[in-house]
4 protein chains.
Amino acid sequence: MSNSFGKIFKITTFGESHGKGIGVVIDGCPAGLTIDMDFVQSELDRRRPGQSAIVTQRKETDNVELLSGVWQGQSTGTPIALWIANQDAKSQDYSEFADKFRPSHADYTYFAKYGLRDYRGGGRSSARETASRVAGGAIAKLFLQQYNIKICAYTSQVGNIILEKNYKEIDISLIEQNPVRCPDVLVAQEMENLIREVRKDGDTIGGVITTFVQNVDVGLGEPVFDRLHAELGKAMLSLPACKGFEYGSGFAGVSMRGSQHNDIFYKNENNDIKTHSNHSGGIQGGISNGEDIYFRTAFKPVATIMQKQNTLNEQGEETTIQGKGRHDPCVVPRAVPMVEAMTALVLADFYLRKRNDKI
Amino acid sequence: MSNSFGKIFKITTFGESHGKGIGVVIDGCPAGLTIDMDFVQSELDRRRPGQSAIVTQRKETDNVELLSGVWQGQSTGTPIALWIANQDAKSQDYSEFADKFRPSHADYTYFAKYGLRDYRGGGRSSARETASRVAGGAIAKLFLQQYNIKICAYTSQVGNIILEKNYKEIDISLIEQNPVRCPDVLVAQEMENLIREVRKDGDTIGGVITTFVQNVDVGLGEPVFDRLHAELGKAMLSLPACKGFEYGSGFAGVSMRGSQHNDIFYKNENNDIKTHSNHSGGIQGGISNGEDIYFRTAFKPVATIMQKQNTLNEQGEETTIQGKGRHDPCVVPRAVPMVEAMTALVLADFYLRKRNDKI
Amino acid sequence: MSNSFGKIFKITTFGESHGKGIGVVIDGCPAGLTIDMDFVQSELDRRRPGQSAIVTQRKETDNVELLSGVWQGQSTGTPIALWIANQDAKSQDYSEFADKFRPSHADYTYFAKYGLRDYRGGGRSSARETASRVAGGAIAKLFLQQYNIKICAYTSQVGNIILEKNYKEIDISLIEQNPVRCPDVLVAQEMENLIREVRKDGDTIGGVITTFVQNVDVGLGEPVFDRLHAELGKAMLSLPACKGFEYGSGFAGVSMRGSQHNDIFYKNENNDIKTHSNHSGGIQGGISNGEDIYFRTAFKPVATIMQKQNTLNEQGEETTIQGKGRHDPCVVPRAVPMVEAMTALVLADFYLRKRNDKI
Amino acid sequence: MSNSFGKIFKITTFGESHGKGIGVVIDGCPAGLTIDMDFVQSELDRRRPGQSAIVTQRKETDNVELLSGVWQGQSTGTPIALWIANQDAKSQDYSEFADKFRPSHADYTYFAKYGLRDYRGGGRSSARETASRVAGGAIAKLFLQQYNIKICAYTSQVGNIILEKNYKEIDISLIEQNPVRCPDVLVAQEMENLIREVRKDGDTIGGVITTFVQNVDVGLGEPVFDRLHAELGKAMLSLPACKGFEYGSGFAGVSMRGSQHNDIFYKNENNDIKTHSNHSGGIQGGISNGEDIYFRTAFKPVATIMQKQNTLNEQGEETTIQGKGRHDPCVVPRAVPMVEAMTALVLADFYLRKRNDKI
């Protein structure tokens, strides 16, 4: 199994939902970076359970502890290990589900693949693993600060409630003002209402996150397999519940003609080469061209519902299962910081890889 | 730069559009596989230029030559190198474009990244590179034959012409019966007409490819970063002109409720564990569950058009550019074998990785 | 920086000598392995400071804590994280050495490379890092038990005191009977005396460790770059203070003629293919042939001595430095379990890689 | 199987001794490097068969062909593929050996590992594979020219004939003046005589190569697993017939005391930090310190001898075997450029990795 992501700026995550805790080792962070642990904690706070009324009420403060790699406030070039102890791990009894396969969960595939599984809260396949990514992504964000990169993600759809504005029209200061992380007061309220309603039914709902990145240097990404958007796509699709990724014109672009879709170059007042339109989503031939990068990611409805469902157990016998308590009715609000973290990890890695483009 | 794909079953591609040729090294193919070079050639024939009236008329027979790794018809476990000499490389004069940036091509980003570029036909960023992938993918397909895997891709949309059937309703024997590779005679004809019309305008158009894979073992893919769909997504997004990827319910799934979306387990007549629905697209928790895998990939309109466009040259001066001759008006028909090849490479790699799941 | 070792059975180590502790993530251990934490602890006990009168008296119990990857006593296929908290970290004042470069240490090269360094006890470059390796190696040993592999290392030279027997002549039960880990009572006593004498002078001394591995399957190792002995060599040379590696006939073999050196094949009573002699050290063409693997590793005298030495500080000014207290006068006795651990890690990795040799 | 070496500056080799030819893909060479193919050819000429009376008389001109990655004489950042067609491949009949295991060759281990093997001339396990490395190493040397690095290897021992001078005392201009590549006219003559005598007996003999590297920057190598000397050691031990590696004081250093062995720092007239002695061999804590790097590598006698030997065939039956014709009586003279090539590859990789040490 591989639990690592990145080539130069690389993270390895470990830990289970209901074990002692979860952690991440960031290997490849250059020396001399000021490590602001308050910032790392604040990123985790954006992801943590219990942050609002519409997310899981699991009690986890997700306090991050620095284990290694920092000396007098600065990265030393050695591996930075971060640890988040589980706090709410023992309070819930999963034994009823011990040998049942929750529908559309990883229970069955894990069991078939490995021959055994830690059934408590999904074990390693729990979305709790993403706290490690958010912590690692926070270090990547700190690294990217020197390049003045701005990464911004927000909820643009929940169920059929769609934010019709594109990313250039939104007021990003509104994102963190509401629990769904949608930068429009009215649409956010509709989304929140839908999530509450769905939860009341013991059900769940999906959504879409839109992300954009500004002030990106020209030249990130590689031309063949490791195209910038291919790595971003993999990063996003590796998040729990993610079902789709499109960048720039995306699926809608297939109906356009080349003469409409092509982004015409021009020189701006600073003599920088820019494009009039940006159907390319800031990436041409797999390499950033300095325009805004933007992409959308689809998240399915959470598989754990509070309704009774038919299923099988490990012996292959028919049985029923019903979710309990503290699960997210919609993954999207908490997935926003995860998407940002994975974006930051991809970009940090490519900033380092870019250093070897020329002799 | 990295030009390799895969962890165990790994390919490395090399070569440029207008250099001596292009090649691929397949490292990690187990010993004892019968290497049918006629099959490899037949896969390349499905991708090659000039195969029909609606693709580029560039004259390349794409004859593949086996350089190493096979002894008495079988793989030896050593690297299999394949070589495809360029034949039509010198017949066209690219000098007019030598210092101009073709809009929405990799010209500018390459130049900015590396400080120089082989401008002839896009050099390394040419779609010609995908012939190496198709050759490598053909070896992967041969490897997968022992598992009885069936990979099938086809054109499901060109511009606004959409094949409304889902993959279970199609007659796959029709796919290779028409130049657009759409398994519906009437829709295929409409697509072909659109492509001809677009080409007459000196323009290009995008499209969508749908892929499904049958008879997949349970247990392919890894639970965290290297989820099966994440690797498939990266593989697809690394293809030229690919702008989006979705699997299973994809973007449409976001509007569903968990109670609708969950795939309920049951046991079939052979005592195999199956699911009634398959919104999961055959993948749960990043791991194949034995149901059909299916996904869709979006391809933008080709950037090279036969109309005059404004652009800049390497000196940053304004100029115009106009494509010449032999380019694809729509990438999708020839992308079908590319999509299959990348799918095969991902699956072959995971079949090998799976051998180490258990002690 | 890379802090990982292995391709499939892979460890990543982190932590500093005087930070909170040190750890290791073992990623790629197959599921279903019984994890005996008492065994892991016992291996650490063989490496720990203070174990005898002739090693450093630093007070570290090196208690290992299991953080993840094990469920009901068995590996789950997910990353196994182990943590060893530092206990004696704060008791010593390193501030005097804060800006001085200890001769033949990593102080200067670290500082030059990274621009800063954690000077406390060598930080990441401390031999304390090897506890992580011993912990990871213990998991590898548990994995190898199913193959009945026997790895044995011992001290064969300290300074000029040489154990003249070859590995076949020794009584391995004697190795752990004396503090130098030499399987000969008299020679061990001489070695111990030399170490005591050297320490009394405030000085240090080097030595040699001989290792042999029995019951190895045929077919471990790969034929080109990743030859079994090349990976073993890298593994050993990555240990602190290791200056040389030779396997089989080694440096002495250069004076032999091919007709003497060649190992002639025969079939034994079980119809197994064996060789009469074993100058190959159990490895031919980079691949194990089923004979005993054996090799020797040279360790230099520890750089920290209790005598006053001239040196420079970070400002490049001349100064003097004198080691204090609790350092090993000879690294070899405690390096024995490190050598075994690295050997186990290499073999476990190749056992997994071997699963993909054939279709 | 892995046929790649290096992390950033990475080569992948392919091809067999008696197939169509052998090749190498260099992936990761930065753009903008002037590629002097005459230099690449001259390096291959130093390795090629038939270059003198004391090496194999196989007729191979080893003409290198550039397949990709260079445009107008400069590297483009894309993979550089080089190809060396086999010329003498079909002239010899290996069928007599087809099912016999040559003693101390890779024949048996290959067959056991892969279940089949290309027996012609050793197939992939042939030393012919090293021509790919020398070609790749030549590109690495071109890359290192910008840093003014000087890599020099020479024969310091053949059988019992030992060059007693250390590397600082030799006249490097003499190395290429004699067929054994020993920088001492008289000792070279003795070595040559020994090789001729050994060959007359139908036998072979081993030897030692000494290598030194000058003008190395401070900071190459990484502190834990990828220590500079560990990668050099792996690189050397991956060469055919290499049995041992030691750097700096090496095995002799074990008898020294720390007070003798430590290299005391001082500042030279240019205010550079240097050491008075250099027992460290230019590497401290795994990282270059700017002093000369030097190391020794042991090569066993070639396994193919012209005398009749007992052996087994693939059926496990007893038989005899006798080498024919054109083999090296001593591998060392031709191994000198191989050692230099592998050294260059390791250093080029670390020069690129070093770019990411600091933010």
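**Ground rules.** I kept in mind that in this predicted model local features need pLDDT of at least 70 and side-chain atom pairs count only at pLDDT 80 or more, while totals for chains, interfaces and linings use all residues.

**Entry on chain C.** I looked up helix α5 (residues 228–237) and found that 10 of its 10 residues are buried, where buried means under 20% relative accessible area with a 1.4 Å probe, protein chains only; among them are C:His229, C:Glu231 and C:Lys234. Helices here are DSSP runs of H or I with at least four residues, numbered from the N terminus.

**Entry on chain B.** I then noted that α1 (residues 37–47) and α7 (residues 332–353) of chain B pack at an angle of about 140°, with their axes 7 Å apart, the axes being lines fitted to C-alpha atoms over the stretch in contact and the angles running from 0 to 180 degrees between N-to-C directions.

**Entry on chains A and B.** I read that the contact (heavy atoms within 4.5 Å) takes 108 residues from chain A and 109 residues from chain B. Across this interface the rule finds 10 salt bridges, each a side-chain nitrogen of Lys or Arg within 4 Å of a carboxyl oxygen of Asp or Glu. B:Glu197 forms a salt bridge with A:Arg257, with the closest N and O atoms 3.4 Å apart.

Methods
Residues are numbered from 1 along each chain as its sequence is written. Chains are lettered from A and ligands numbered from 1 in the order in which they are written. Side-chain values use heavy atoms; hydrogens and water are left out. Buried means under 20% relative accessible area, exposed over 50%, partly exposed in between (1.4 Å probe, protein chains only). Helices (H or I, at least four residues) and strands (E, at least two) are DSSP runs, numbered from the N terminus.
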